[in-house]
Amino acid sequence: MATKTLPATPQTLKRPDPIERARRLGTAAALIAMPAIFVFAFATHPDLGSIRLLEPADLILRARGDAVLQFAHALVTLNTALLVVVALHLQSLLRTGRGAWAGLVGGAMAVLGACLLAADKGALCLTMSALDAVDEATFNAMLPGLMAIFDKQGWVVLVWGMVLLPLGVAVQAIGLARSGAWPKWQAGALFVGSLLIAAPDGMETINLTAALALFVALAPEAVRLARGSSPVTGAAATSRCRDCHYRRASAGAGSHGALRRNDAAHIDHHRQDDRGREGVPQAVRGDRG
C-alpha cells in the first residue's frame, strides 16, 4: 500500500519541530555540562598542585571520609551518560565525507569506554562512599579486599577499557579536523583535552587542564546548536559533496563542478539540505533519497 506524502505548504515548513528543538537544546546542554562537571570534579581533589603517581593504598586512604570528593565521583559516574550524548553528537557531524569512518569508529570506542568508566567509578568510588559508614576497625579489616579491587584483580580488570573513551574522542577530533567540520583550533583543543584527561590518579592538575580544553572545544558547538544554525563550513561542504544529493540530481559532472567553484552556493546547498532533514517533519519531507 503506497504511502501518501503531505504537501509541503509554507505554513508547515515554517512550523518549528518541538521534538527537534528539545533534542538540540538537550545536546547543547550536555556539551556544556560534561566538561564543566569534569572541571569541578578534578578541582575538588586534594593536593591538586602535586603531580605524582598514587598507589592503590593511597587512593583508598585519600577517598576515606572525604565527602566532597565522594560527591565529585558520584557526579562523574552520572557524567558518563552525557559522554555518550557528546560522542554520538560528534559522530552525527561526521556522517559523510572524509571524516565519516573516524566518526563511526571513534564514536563506538567512546561509547564503550564511557560504559567502562561508569563501571570503574561504581566499583572503586561509590564503594568507598558506602564504607564511610563503617568504623575504623571494620574498615581496616576490609583493607585486603579493597586492595584487590583497587589493584583491579579478577574481572575488575575490564575497567581498563575506559581508555577507549579518550582515544575514541581523539579519533573523532581528527575526523572533525580532516573533514573541515570544525576549525583546526577547535578540533585540536578537543584532541589535546581528550588525551590529557586520561592522565592517571595523582595528576589532577593535568586532568583539570584537559577538562578546560574540552570546555573550550565544545562550548562553540553548544552555542551553535542552541541557536539552531547549520554546522556546514566551506571545507565541510567540499568534503561532503562527493555524496550529496545535488550530485545525484545533476545531469553531469560539469554542473556539480561549477557548484563546487561557487563556494557560497555550495555551502548554502548543504545548509538547506540540513535544514530540510532536521527541521521538517518526516511526514512532510517524505523520502528524499
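The model is predicted: local features need pLDDT of at least 70, side-chain atom pairs count only at pLDDT 80 or more, and totals for chains, interfaces and linings use all residues. Residues are numbered from 1 along each chain as its sequence is written, and side-chain values use heavy atoms, with hydrogens and water left out. The largest nonpolar core has 37 residues. A nonpolar patch on the surface has about 1,000 Å² of accessible area together.

**Nonpolar cores**

- A nonpolar core is a set of buried Ala, Val, Leu, Ile, Met, Phe, Trp, Tyr and Cys residues joined through side-chain atoms within 4.5 Å.
- Buried means under 20% relative accessible area, exposed over 50%, and partly exposed in between (1.4 Å probe, protein chains only).
- In the largest core, the residues with the most contacts inside it are Phe38, Leu90, Leu176, Trp182 and Leu190.
- Two or more residues each come from α2 (18–43), α4 (67–92), α5 (100–131), α7 (164–179), α8 (184–196) and α9 (204–227).
- The largest share of this core, 8 residues, belongs to α9.
- Helices are DSSP runs (H or I, at least four residues), numbered from the N terminus.
- Another core lies apart from it, with 11 residues, including Ile60, Met128, Leu131 and Phe139.

**Contacts of Leu90**

- Contact means heavy atoms within 4.5 Å.
- With neighbours within four places in sequence left aside, Leu90 touches Val169, Gln172, Leu176, Trp182 and Leu190 by that criterion.

**Surface patch**

- Its members are Trp155, Val157, Leu158, Trp160, Val163, Leu167, Ile174, Phe191, Val192, Leu195 and Leu196.
- Patch residues have over 30% relative accessible area and no salt bridge, and nonpolar side chains (Val, Leu, Ile, Met, Phe, Trp, Tyr) are joined within 5 Å.
- A salt bridge is a side-chain nitrogen of Lys or Arg within 4 Å of a carboxyl oxygen of Asp or Glu.
- Accessible areas come from the Shrake-Rupley method with a 1.4 Å probe; for residues, only the protein chains shown count as cover.
- Helices α7 and α8 give two or more residues to the patch, and α8 gives the most, with 4 residues.
- Leu167 sits in helix α7. Leu167 counts as partly exposed because its relative accessible area is 41%.

**Positive phi in loops**

- Asp47 is in the loop between α2 and α3 (56–63). Its phi is near 55°, a positive value in a residue other than glycine. Asp47 has 57% relative accessibility, so it counts as exposed.
- Lys152 is in the loop between α6 (136–150) and α7. Its phi is near 60°, a positive value in a residue other than glycine. Lys152 has 13% relative accessibility, so it counts as buried.

Key:
Patch = residues over 30% accessible without salt bridge, like charges linked within 9 Å, V, L, I, M, F, W, Y side chains within 5 Å.
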